[in-house]
Amino acid sequence: MRPQMLLLALFLAVLPLSAITAIGPAIAGGIWEPIKDLKNKHIIAIAEFAVADFNRKSHTGLVLKAIRGGNSAAGDSDYRYLLHLNVEQPPSCYKAVVLEYNWLHHWEVLSFDSETC
């Protein structure tokens, strides 16, 4: 009887670990994929929102010049966008991470950091 209990205990100890491995990528934000159309109006609106939010918080006057690239990850009810932006004043580059809650029609800037061009 003891070998069966030991086997059952081992099985019950390993089962949660396999579940964590299976759902781990979903918790980490899904799979990041390149944004195919950087000229999409929705992507441009998200980039403009990120710049406007940064301007409001830091009292600057950055103007979006171009979106250099980006990635997105889809969750169950939200999207995460990593955008590489060029701004005009002063000429420099920024990286913005924006979270979109589809069901609320709401965007939230998670980070907006300068980066090398």
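Modeller: A search of the whole structure finds three salt bridges (a side-chain nitrogen of Lys or Arg within 4 Å of a carboxyl oxygen of Asp or Glu). This is a predicted model, where local features need pLDDT of at least 70, side-chain atom pairs count only at pLDDT 80 or more, and totals for chains, interfaces and linings use all residues. Residues are numbered from 1 along each chain as its sequence is written, and side-chain values use heavy atoms, with hydrogens and water left out.

Biologist: Which residues are linked in a network of salt bridges?

Modeller: Asp53, Arg56 and Lys57. The closest N and O atoms are 2.6 Å apart for aspartate 53 with arginine 56, and 3.2 Å apart for lysine 57 with aspartate 53.

Biologist: Where do aspartate 53 and arginine 56 lie?

Modeller: Both are in helix H2, three residues apart, about one turn of the helix. Helices (H or I, at least four residues) and strands (E, at least two) are DSSP runs, numbered from the N terminus.

Biologist: Is aspartate 53 buried or exposed?

Modeller: Buried, at a relative accessible area of 10%. Arginine 56 is exposed at 55%, and lysine 57 is exposed at 53%. Buried means under 20% relative accessible area, exposed over 50%, partly exposed in between (1.4 Å probe, protein chains only).

Biologist: And which residue forms a salt bridge with arginine 68?

Modeller: Glutamate 115, with the closest N and O atoms 2.5 Å apart. That pair links distant parts of the chain, since glutamate 115 is in strand E5 and arginine 68 in strand E2, 47 residues apart. Glutamate 115 counts as partly exposed at 23% relative accessibility, and arginine 68 is partly exposed at 35%.
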